[in-house]
Amino acid sequence: MERSSTTPGGSARREATRQKLYEAAVTLIAEQGFSATTVDEIAERAGVAKGTVYYNFASKSVLFEELLRHGVGLLTDSLREAAERTEREGGSKVDALDAMIRAGLVFIDRYPAFTQLYVAELWRTNRAWQSTLMVVRQQAVAVVEGVLREGVAAGEFSEEIDVPLTAAALVGMVLVAALDWKSFQPERSLDDVHAALSRLLQGRVSGRG
């Protein structure tokens, strides 16, 4: 789960170590759950000493909280980049939303274990990192909200749409559809799944368009 970095020297090495710990943690927790996963297992999977885990993160809970923050941050960045690229190319706001759907699918295709964890954690309310999860979730949804608000202001979308709920619904559609794709229809291509969601976005499911 890599974020591009230009940080030199020791900071770059530390970031590389944290990346290895993120990847080890997300794989193990997806396989056996948070409670059953130990710091020793994370260190072993990452190929580092146990002390290295505690050097970078105060506890297993802090590691998982930072993992959520890091992963959703990557998703948010990919959504924002898709919207900005569409704008540079002169596309409409519908085009921007469609590009964000594809960016979300690409992210999930690359990080299926993280996506599974993220969706599972959204349903839990007793975790120490619940407030962090809500903050980073809103950051991702806010990118979609921004495009919707711009579309309403430009007259491309109806003023009657509920922007926060519509944005959350679009993000949720991508997450749930992608998990279904990965779990039950893995033979389908990313292009195929994107085309189906694109038809939903553009209101062409009825066949009248």
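Let me start with Tyr22 and Phe57, both of which are buried, where buried means under 20% relative accessible area with a 1.4 Å probe and protein chains only. This is a predicted model, in which local features need pLDDT of at least 70 and side-chain atom pairs count only at pLDDT 80 or more, while totals for chains, interfaces and linings use all residues. Residues are numbered from 1 along each chain as its sequence is written, and side-chain values use heavy atoms, with hydrogens and water left out.

The structure holds five aromatic pairs, a pair being rings of Phe, Tyr or Trp (its six-membered ring) with centres within 6.5 Å, called stacked if the planes are under 30 degrees apart, edge-to-face if over 60, and tilted for the rest. Tyr22 and Phe57 form a tilted pair, at 5.8 Å centre to centre and with 50° between the planes. Since Tyr22 lies in helix α1 (residues 9-32) and Phe57 in the loop between α3 (50-56) and α4 (60-88), the pair ties together parts that are 35 residues apart in sequence; helices here are DSSP runs of H or I, at least four residues, numbered from the N terminus.

Phe34 and Phe64 form a tilted pair as well, with 5.4 Å between centres and 45° between planes. Phe34 counts as buried at 11% relative accessibility, and Phe64 is buried at 1%.

Turning to charges, Lys60 lies over the face of Phe34, at 4.3 Å from the ring centre, the criterion being NZ of Lys or CZ of Arg within 6 Å of the centre and within 35 degrees of the ring normal. The charged end of Lys182 sits over the ring of Trp181, 4.4 Å from its centre.

Technical notes
Helix = DSSP H or I, 4+ residues; strand = E, 2+ residues; numbered from the N terminus. Buried < 20%, exposed > 50% of the residue type's maximum accessible area, 1.4 Å probe, protein only.
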